[in-house]
Amino acid sequence: MEEALSWLQTTFDVVLALTLIGFAAILLATKDLLDAIVLFILFGLLMSVTWGRLGAIDIALAEAAIGAGITGAMFLNARGDLEGLSRSHAPDSRRLSRLAFALGVFVLLCIVVGAVAAAPLEAVGMRDLSLSALPVSGVTNPVTAVLLNYRAYDTLLELTVLLVAVVGTWSQRVPRTTFETTPVGPVLLGATRLLVPLSVLIGGYLLWRGSHVPGGAFQAGAVLAGAGVLLLLIEHPMPRRWGTWPLRLGLASGVLFFTLVGLSATLGDDPFLFHRDEGAARRIVAIEIVATVAIAVALVALFSGRSPHSFQEEAP
Amino acid sequence: LALSAWICAALVVAGLSFFLGGTLGLLRFPDVYNRLHALTKADNVGLGLIVAGLSLQDFSILSAAKLILVWLLLLLASTTVCHLIARTALHDGIAAWRKP
């Protein structure tokens with residue numbers, strides 16, 4: 001029985017891995033944009049299952065919510081904007097450079113595979129070190145301890161990347177897009193009415209969970225962003241009303257607050273962004289709450305693509 | 001093996017058969033409306049049976065409640081999405097398939 005189960009799991013993993021590679025290949029080969037987007041979303045979902053199989057539930061959640069969900073929605077939205085534009089095909093003269101690129105990637109892949117094969121099977125990692133410091137880190141979920149304490153600068157830079165991405169999108173001056181070609185119907189309105197409060201509840205739950213089990217700011221932010229995208233789709237007045245300074249404040253709050261709390265650590269004898277013992281839990285939770293809102297706002301702003309200027313210009 | 005394990009396995013297999021049927025429908029049915037019809041049955045009933053089966057495993061009441069909540073959310077989402085796709089298709093002038 002045990003043997004049959006482990007055989008079944010191995011088969012599942014092998015099929016999963018092969019499907020992933022197959023999807024990636026078809027995705028890269030496909031010419032049609034819509035097909036590519038659908039394949040990308042499917043790839044993200046399978047990737048999420050893969051992370052789950054590897055026991056990395058945090059990454060599985062983030063991949064499903066951000067990688068497949070929000071990014072997929074952004075791609076679909078971008079495709080809608082592109083539809084009117086004429087497509088320019090890449091000239092065939094670039095075939096040689098493509099071949100050179102493929103060759104480079106192949107060599108790189110060989111090196112990586114060789115390095116992995118040559119590495120010792122027993123991972124030396126920082127697992128024990130990280131687990132031994134857990135009692136003073138303020139949280140009990142090791143992933144959260146790594147993300148917001150040991151390697152907090154990583155997360156701070158991720159928030160900064162999101163912020164820069166939004167600023168970059170605004171600088172492109174995306175024209176006003178209407179999301180639906182058909183008028184918003186009662187079913188979408190009703191579903192949104194149910195789903196938005198639920199998203200807030202589930203986002204809060206994921207955030208609260210993050211301190212002790214898988215979950216956290218990025219997953220919670222993505223769920224909240226889902227609610228924001230729905231509000232944009234039904235053309236709810238809220239995104240418009242909050243589209244000027246509250247939008248800027250929400251976007252900047254994550255990086256600002258993270259940095260300020262990080263600096264507060266230096267008032268004691270601790271280094272920048274480092275939290276220890278009493279106060280650590282409170283500071284980490286505070287950062288996570290603000291970061292959740294900032295991430296959600298950034299993702300919705302990326303989806304909408306509209307800068308505060310465009311809202312101001314529109315207002316009488 | 002306990003009786004509940006057998007019931008659980010039976011429910012999950014029954015649920016999977018709906019997913020298989022739905023996938024077959026997606027591949028074989030002639031137009032978007034028919035395919036949606038097949039797919040939503042698979043989502044709703046198939047996942048419902050799988051959730052029912054998994055709830056019988058030695059999880060707590062709380063995990064069973066969460067699983068059922070996931071199913072209810074999927075019911076809402078899949079119904080809405082099905083409606084939206086069909087509505088857009090109709091709006092775009094895609095005619096329903098008739099038996100030739």
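Student: What makes the place of Glu235(A) a loop?

Tutor: Glu235(A) is placed between α10 (217-233) and α11 (237-241) of chain A, and that stretch is a loop; helices here are DSSP runs (H or I, at least four residues), numbered from the N terminus. This is a predicted model, in which local features need pLDDT of at least 70 and side-chain atom pairs count only at pLDDT 80 or more, while totals for chains, interfaces and linings use all residues. Residues are numbered from 1 along each chain as its sequence is written, chains are lettered from A and ligands numbered from 1 in the order in which they are written, and side-chain values use heavy atoms, with hydrogens and water left out.

Student: Why is Glu235(A) called partly exposed?

Tutor: Buried means under 20% relative accessible area, exposed means over 50%, and partly exposed is in between (1.4 Å probe, protein chains only). Glu235(A) has 42%, so it is called partly exposed. Its phi is near 60 degrees, a positive value in a residue other than glycine. Most residues other than glycine have a negative phi.

Student: Why does Leu108(A) count as exposed?

Tutor: Leu108(A) has a relative accessibility of 55%, which is over the cut-off of 50%, and therefore it counts as exposed. This residue is found in helix α4 (residues 95-118) of chain A.

Student: Why is Cys8(B) called buried?

Tutor: The relative accessible area of Cys8(B) is 8%, under the cut-off of 20%, so the residue is buried.

Student: How many disulfides does the structure hold over all chains?

Tutor: A disulfide needs a pair of cysteine sulfur atoms within 2.5 Å, and the structure holds 0 of them over all chains.

Student: What makes a nonpolar core, and which residues touch the most other members of the largest one?

Tutor: A core is a set of buried Ala, Val, Leu, Ile, Met, Phe, Trp, Tyr and Cys residues joined through side-chain atoms within 4.5 Å. The largest has 36 residues, and Leu162(A), Val166(A), Phe258(A), Ile295(A) and Leu299(A) touch the most other members. Among the elements that give two or more residues to this core are α3 (57-82) and α8 (152-171) of chain A, whereas α13(A) gives the most, with 11 residues.

Student: How do you know which residues are in contact with Phe258(A)?

Tutor: Contact means heavy atoms within 4.5 Å. Leaving aside neighbours within four places in sequence, the contacts of Phe258(A) include Leu148(A), Leu159(A), Leu273(A) and Ile287(A).
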